Amino acid sequence: MEILSLLADGFATSLTPINIMVVVIGVTAGLFIGAMPGLGSVNGVAIVLPLTFIVPPSSAIILLAAIYYGAMYGGAISSILLGIPGASTAVATTFDGRPMAQQGKAGLALIAAAVASFVGGTISVILFTLFAVPLADLALAFGPAEEFALVLMAFTTFVGLGGDDVMKTIVMICLGLVLSTVGLDLISGQPRLIFGDLPGFYSGISFLVLAIGVYGVGEVLYTIETSRTAPSVTAAKLTMRALGEGIREMNKLWKTMSFGSFLGFFVGMLPAAGATPAALMSYGLAKTFSKKPETFGRGNIEGVAAPETANNAASTGSLLPMLTLGIPGSPTTALLLGGMVMWGLVPGPMLFIEEPDFVWGLISSLYTANVAAVVINIALIPLFVWALRMPFSVLCTVVLVLCIVGGYAPSQKLHDVWLIAGFGIAGYVLRKADYPLAPLVLAIVLGPLMEKSFRQALISSQGDMMTFVERPLSATFVGLSVLFFVLPVIKLVRQRKSKSPAPAE
Amino acid sequence: MINTFTRRGAMALMASAALVLGAPASAESWKPNKPVEMVIMAGAGGGADLLARLFQSIIQKNDFSPMPVLPVNKGGGSGAEALRYLKDKEGDAHIIMATLNSYYTTPLRTNIGVDIEEFTPLARMANDNFILWVSAESDIQNLDDFVAAVKEAGDSFKMGGTGTGQEDSLVTAMLENEFGIKFTYVPFEGGGTVAKNLVGNHIDSTVNNPAEQMGFYKAGKSRPIATFSEERLEAFPDVPTMRELGHDVVYTMQRSFVGPKDMPAEAAAFYTEMFEKLSQTEEWQTYAADEALDATFLSGDALQEFLLNGREVHREILAGMGELGS
């Protein structure tokens, strides 16, 4: 019960008026920052870092954490409304969130995302409170081989994602993997695929640039063509009844959401992985185990809830290696780390022992930030939905501006803006030709992680492939990967058998 | 000496000196009139980035600059992106760059048309150290044990470090040359990840900076074997230097700021003074002491000499590795 008394002390810190105010401000700012594609939580935290000097250190780090949390909630907003993932963590949210918005159910999708985020956030904070210290050792057990096996598993949960055409899915995955190798290679130190010697390619092609291009610009082009006469955006309304209905719908999804929370927390906790694979895996598994997998990708509310619980749970999980091992799991946590160092707090194995007031104040503020985020988010949904009622000619201009600003802001290179334009046109053509875009984006997110850990593991084992199955943790993941790969195939074969002979595709 | 003056006193003194000499507007009168861009030669979240952002926050907190200082990461191509960017900003008074050792190595390894001698040296904030680490669970207690273990393992002894061509791989190559040994070098994306993999026993040794391994060291999970510094580090009084052990393997990482070619002299003086004030703040002194950094401040000609000397040292190391570009 020592934990409870420590937590109570923490609440004494986090429930002071100034800290409550700080949480509300931080969460609101984070929500908007997260909702802007390209701005994302990294930039949000970076911009606010200097401002934190006007409040005491413990409030300052709470402010940063609140922004981080708010941005996680906000990421879903642009995914659902505009179909552009604001951050890589919100990619999976677009798969069903965007179709829901197109069917006029944007409000419901936003409620689902907010509630799911709340559930994911809360469950993971409870797990964090109880197990933070012992779990740090598990994170240590993860070497390159385990990381590779985990990413492999994330890939295989996605086998069925691309739709029915397996060939096209494989082509898109390969294309994504090739794009992910562009830039300076970590292992050899040599540049790869830099198109002659274009300096802009040295830092690689970021996920964000590809996603904004194919989803944002590509989508706008496609919509312009298909809706030359009438705007396709359905006017969305939000009433109290819709809110109640949304919460009832969510009630049915407790199984998906609790699974997503646990999965998200554990995957997020591993330093290399983080929230993006967690959200993708949660989506893929929800689809695999669903009774109606064919409704996924066509506006299934479960497809919004699954990734949103997981990415919020993972964002809490990724605080764990930062606080206990001093390793930031993501660029944003790296900035939080920078903030802590500024106040003389050195993250690492000793932090929980040397600075208990700080640690428990931060943990308890995650509880309050979560409550604040869900309340503020739901309160603001009518505003977000209202934005969709803009005439299409205005909306599509706004989206294009957001795409360009969002692509330019993180790297401040015009090079990326040209790439976005190129990917936008390519995305449009690929959509016309009915190629699935999700596997492409998935591959560029997970590809670098997978390649790096694969090569690190093989260098360590002197090229012996057995390293992936000899180590117990890695062997478990490899086994599960095989299972996830085979399962949808068996399902498919069964369906084909039960149906009359399938027409040639 | 300057510490004994109050800032205002020093300014008054300088101003009167300027009056006496009848000099035109001196350094004291120039101030940035728009936000200052602080280019970082590395990506977000790494050691260089953390440090640059720490500087930014201290500047902001103490109002050392009337205009905000905005960090911009240009880490592409091991800093090639940042170097080229700075080259194009000739004469600009509102841009400074945070450097690390890729300031030497990148122009040497690849032909990017940058001569660092042209840039304006502003301030060296610190010199970071390297230490040879093993896991606390390992049987290796000293350098002799270490060399014996590497030899016994053939070439399968795993050394973890940052990307190939970056500082850790240079130190590793220096070790290989000195002892006639061979490691399996496993590159990771940052010092923190390297530290974690050492403690998790996924690699056998590292040459991490003190700051990167400090948390695990304090928790009793990492063991320092020897330092690559000139002299023993205050934070590690019991750890011998390589030189003490009879091996002339010295390597440090500089953390300096430079401006573009032909930066106006008044502007350069402003930034140098800004960083000098920064170097005396309690925040920085405490951080440097905690992380075992050598925080001796250098500026002007002394700094330029230091930087050019560093380039020659790296030219030799790279030549030894066969990594020197044309």
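In the predicted model, chain B contains an open sheet of five strands, arranged in the order S7-S6-S8-S5-S9 with mixed pairing. Strand S7 and strand S9 (222–227) of chain B form the edges, each pairing on one side only. Within the sheet, strand S5 (residues 131–135) and strand S8 (residues 205–206) of chain B run antiparallel and are joined by two bridges. B:Trp133 has B:Thr206, in S8(B), as its bridge partner.

From chain A, helix H20 (residues 438–460) touches strand S6 (158–161) and S7 of chain B, and the direction of H20 makes about 165 degrees with that of S7(B). From chain B itself, H8(B) packs on the sheet through S5 and S9 of chain B, its direction making about 140 degrees with that of S9(B).

The contact between the two chains takes 39 residues from chain A and 41 residues from chain B. On the side of chain B that touches chain A, two or more residues are given by each of helix H2 (47–62), helix H3 (80–87), strand S7 (184–187), helix H7 (191–199), helix H8 (210–218) and helix H10 (282–290) of chain B. Of these elements, H2(B) gives the most, with six residues. By residue class, the side of chain B that touches chain A divides into 19 polar, 12 nonpolar and 10 charged residues. Strand S7 of chain B is thus named both as an edge strand of the sheet and among the elements that contribute to the side touching chain A.

How values were computed
Residues numbered from 1 in each chain as written. Chains lettered and ligands numbered in written order. Predicted model: local features only at pLDDT ≥ 70, side-chain atom pairs only at ≥ 80, totals over all residues. Contact = placed C-beta atoms within 7 Å. Helix = DSSP H or I, 4+ residues; strand = E, 2+ residues; numbered from the N terminus. Nonpolar A, V, L, I, M, F, W, Y, C, P; charged D, E, K, R; others polar. Pairing = 2+ DSSP bridges. Axes fitted to C-alpha atoms, helices over the stretch in contact; angles between N-to-C directions.
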